[in-house]
Amino acid sequence: MLIVLARVGARVMAARVSDQGGALGIEYVDDVVGFVRAEERAHPRWVWDDTSRWYPELLAAGVRVERCFDLRLCHTIIRFSALTASSALATAAPGPWDVAPATLSADRDDALFELDEAREPEAEPDPLAELTLQRAAVSASAEPGRLGRLLAAESAGALIAAEMRFAGLPWRADAHDAILTGILGARPPVDGARPPKLQEKLDELRVLLEAPELNPDSPADLLKALGNVGLQVTSTRSWELKRLKHPAIPPLLEYKKLARLLSANGWHWLDTWVQGGRFRPDYVPGGVVTGRWATSGGGALQLPRQIRGAVIADEGWKLVVADAAQLEPRILAAMAGDRGMVEAGAAGDLYAGIVASGAVRTREQAKVAMLGAMYGATTGESGRLMPSLARAYPRAIGMVEDAARAGERGEVVTTRLGRSSPPGRAAGYDESASESELTRARERGRSWGRFTRNFIVQGTAAEWALCWMASIRRRLTALDPELWLTDAPHLVFFLHDEIVVHTPAALAERVAAEVTEAAAEAGRLLFGELPVTFPLTIAIVDDYGSAK
DNA sequence: ACCGTCGGCGCC
DNA sequence: AAAGGGCGCCGACGGT
């Protein structure tokens, strides 16, 4: 059974709908928390406009739900999917469901207010009608099974995002401070002042570049100073500076490293984002067109390795850290049905398998060549390796090449479960276009082709990861359904192809086994019985920094 | 004082 | 060692 929740003025309407879509009755509820708690015993699938609007309040009151449909996230998928292109939903004019992903920010009210302001006032979203449209679109599509799985996985991701924010990532401010102090020196008494080791590098730099007023944080200023000592560079990017031979370069690179740590994840970050021993970023499921999650605030998806040692399990608890090894190339092999490449990965190290097949000479070459195939490299070593890779694995390489050509023609490409790329911008030029305009138009086309090439792989990998996480969540709950979320093993972090579970130490081995099983289950969900494996690198640790 | 863009760089 | 895809955040900077 499904239960659709909708806010109607100050009240909440609950509409029961059978699995076949039949209306079973409507009631108004005043105590949403109590209602959901009571109804959840029958394991319905909750249907609501936006998980980030409903679920945090429930979690705060101690109520979890097993399943949901997040209509806003599902709407976006159906709106653009090539599998539902002729549906009533996809052909309708943009309406109130066509909004950018919301975040789980603390200021929900403000955010919603702005959204409502920006919207046509008469277009009040009707979740029941929207659900009907979505079900019709899916059942009429060529692949209702796949799309249904995608919508369920996307919605499960929304639940997980809210739960991860609720639980928070264990973060020890004292350990973080110790790491910072070790690298930067003691925290300066005044915010904005440079810590000792950063100041040392700056002093050194100013002498070596004979620029006593130099501010290396200003690219223009730095470029000028480098020019004055005869260093000709067009940018101040580290990898360009590394090529230069000058005594000022080592301290400059060191300065940049330290300055980056300070500004991105220094004491100010710690004060802003870590409260009560937990880091709670705003996860934004579906925040990236490919289906990857985004985050808003705190830069959760860019936590540098340097500070992962501050992520420490509670006393008596452990972290289970797992990442899918070489996920994207394996996804490519599986979705292309490239038996040779699937087999190359079967023994554990896909790149070693590619070397063994004779396509390239070294593991490093295999890695660079695969990355190039998925990103569209044309030059350098990666570009040179492409022909022999294509000869060895014609189906896999052919698949990304086809995706690139489709994008160049302005066509849409689609992931394994049915998420499609945004409509391509047709290459806009005509007969009268000048040579330079033509060149730019061609480059735009190629660039879009690189995007669609990567889209099918990155997007399908994101689907695998969603299925993996949804399975992990289900399995962890099943270990002891009576326990509250944060009293039992629970997900605390997700990073594209990597998860962290916070678990009582005694259960860590069991959790690791479930996480491994979940990876196999995700593979079956996407690729059926194709014998493709998704091996994990898995570690049971006290702190995230020790995971690898 | 505030806002948007850019250069740069962290993660996958 | 870097290029090729996807992001978010920082300080600097140029505009109001």
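A residue counts as near a strand here if its C-beta atom, placed from the backbone, lies within 6 Å of that strand. Keep that in mind, and keep in mind that this is a predicted model.

With that cut-off, 16 residues surround DNA strand B. The closest are Ser235, Thr236, Arg237, Ser238 and Gln302. What kinds of residue make up this surface? Seven are charged, five are polar and four are nonpolar. Helix α12, which covers residues 249-265, gives the most to the surface, namely three residues.

Now chain A as a whole. The chain holds 21 helices and 14 strands. The domain assignment gives three pieces: domain 1 at 1-166, domain 2 at 173-274 and domain 3 at 327-456. The centres of domain 2 and domain 3 are 37 Å apart, taken over C-alpha atoms.

Next, overall dimensions. Along the principal axes, the C-alpha atoms fill a box of roughly 80 × 60 × 50 Å. The radius of gyration is 26 Å, which agrees with a compact globule, because 548 residues packed that way would come out near 24 Å. Of those 548 residues, 41% are buried. Among contacts with a separation of 6 or more, 66% join residues 24 or more positions apart.

Last, confidence. The mean pLDDT of chain A is 91, and 94% of its residues reach 70 or more. Where does pLDDT stay under 50? That happens over residues 102-122. For this stretch, the model has 20 contacts beyond four places in sequence. Where pLDDT is low, the predicted coordinates should not be read in detail.

Terms used: Residues are numbered from 1 along each chain as its sequence is written. Chains are lettered from A and ligands numbered from 1 in the order in which they are written. This is a predicted model: local features need pLDDT of at least 70, side-chain atom pairs count only at pLDDT 80 or more; totals for chains, interfaces and linings use all residues. Domain bounds come from an automatic or database domain assignment. Helices (H or I, at least four residues) and strands (E, at least two) are DSSP runs, numbered from the N terminus. Ala, Val, Leu, Ile, Met, Phe, Trp, Tyr, Cys and Pro count as nonpolar, Asp, Glu, Lys and Arg as charged, and the others, Gly among them, as polar. pLDDT is the predictor's confidence in each residue, from 0 to 100. Two residues are in contact if their C-beta atoms, placed from the backbone, lie within 7 Å. The radius of gyration is taken over C-alpha atoms; the globule rule is 2.2 Å times the number of residues to the power 0.38. A residue is buried if 20 or more other C-beta atoms lie within 10 Å of its own, exposed if 12 or fewer, and partly exposed in between; C-beta atoms are placed from the backbone.
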